[in-house]
Amino acid sequence: NDFANAFGWKEWRGLRPFDGAMKTMRRLLSRWSQARVVHHDLWSVSVVLKDDGEFTKINSETRKKQVLQDSTGRRVQKMTFVMSNYFSMGVESRIGRGFDRHRRQSQLLNKMTYGIEGVKKAWFKRTLTIDNIVDGLLESPGEPDERVVFRTKDSTLPDGPILKKSVSLIALNIPSFSAGNDIWATSHSVGILTKSTSLNREL
């Protein structure tokens, strides 16, 4: 997966960890105990909807869109989750949802399905731009150091940078997105520069 790809983990084919005298398993445990520790941040992400908004998911059995509801039957208006790799919204998310509805057992067919969904969503179906969906993005909301990362033109937030027309919003925590693509590999300028207080380095 993307996490393994970002950290350089390789697939071991034909591995038999429970061979005679557990030699392979002992060798693996020895290597793991001597491995270099790499710190990895986890993000806490909260999404709050407008009054007429709704969260939906693809039902794994019916393969149809389903509105998320709480225990009382009301639509869920806020979700908080822990992010390890990335999250996104926009045209690529719609492609992914369409793919989930038509997922196959064959890797080749899945790639073809992804391509078909990409063509459908990019050229034949209208997708609202992020600046017409999102009110704004806050860092550390409700905390003393709360900061507006960006807001949109008609935002309820009083100040902060204005987000221009954007087809996607992608928050990456690793250099691997959508089957191993490093979408910032060829970038040459930094849009937002901040410092990590825990790692004591610039991000």
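A patch, as I use the word, is made of residues with over 30% relative accessible area and no salt bridge, where like charges are joined within 9 Å and nonpolar side chains (Val, Leu, Ile, Met, Phe, Trp, Tyr) within 5 Å. Lys and Arg count as positive and Asp and Glu as negative, with His and the chain ends not counted. A charge is placed at NZ of Lys, CZ of Arg, CG of Asp or CD of Glu. Accessible areas come from the Shrake-Rupley method with a 1.4 Å probe, and for residues only the protein chains shown count as cover.

Two notes on the source. This is a predicted model, in which local features need pLDDT of at least 70 and side-chain atom pairs count only at pLDDT 80 or more, while totals for chains, interfaces and linings use all residues. Residues are numbered from 1 along each chain as its sequence is written, and side-chain values use heavy atoms, leaving out hydrogens and water.

Now the patch. Lys64, Lys65, Arg101 and Lys125 gather on the surface as a patch of positive charge. Lys125 sits in the loop between α4 (107–124) and β6 (136–139); helices (H or I, at least four residues) and strands (E, at least two) are DSSP runs, numbered from the N terminus. With a relative accessible area of 43%, Lys125 is partly exposed, where buried means under 20%, exposed over 50%, and partly exposed in between (1.4 Å probe, protein chains only).

Next, salt bridges: a side-chain nitrogen of Lys or Arg within 4 Å of a carboxyl oxygen of Asp or Glu. How many does the structure hold? There are four. One of them joins Arg75 to Glu54, with the closest N and O atoms 3.7 Å apart. Arg75 lies in the loop between β3 (65–67) and β4 (78–83) and Glu54 in the loop between β1 (43–48) and β2 (56–58), so this pair ties together parts that are 21 residues apart in sequence.

Glu117 and Lys120 also form a salt bridge, at 3.1 Å from N to O. Both are in helix α4, three residues apart, about one turn of the helix. Is Glu117 buried or exposed? Glu117 is buried, at 3%, whereas Lys120 is partly exposed, at 28%.

Glu139 and Arg147 meet at 2.6 Å, N to O. Salt bridges that share partners also join Glu117, Lys120 and Lys121 into one network.

Last, the rings. The whole structure has two aromatic pairs. In one of them, the ring centres of Phe81 and Phe87 are 6.3 Å apart and the planes stand at 85 degrees, so the pair is edge-to-face. The rule covers rings of Phe, Tyr and Trp (its six-membered ring) with centres within 6.5 Å; planes under 30 degrees apart are stacked, over 60 edge-to-face, and the rest tilted. Phe81 is partly exposed at 32%, and Phe87 is buried at 17%.
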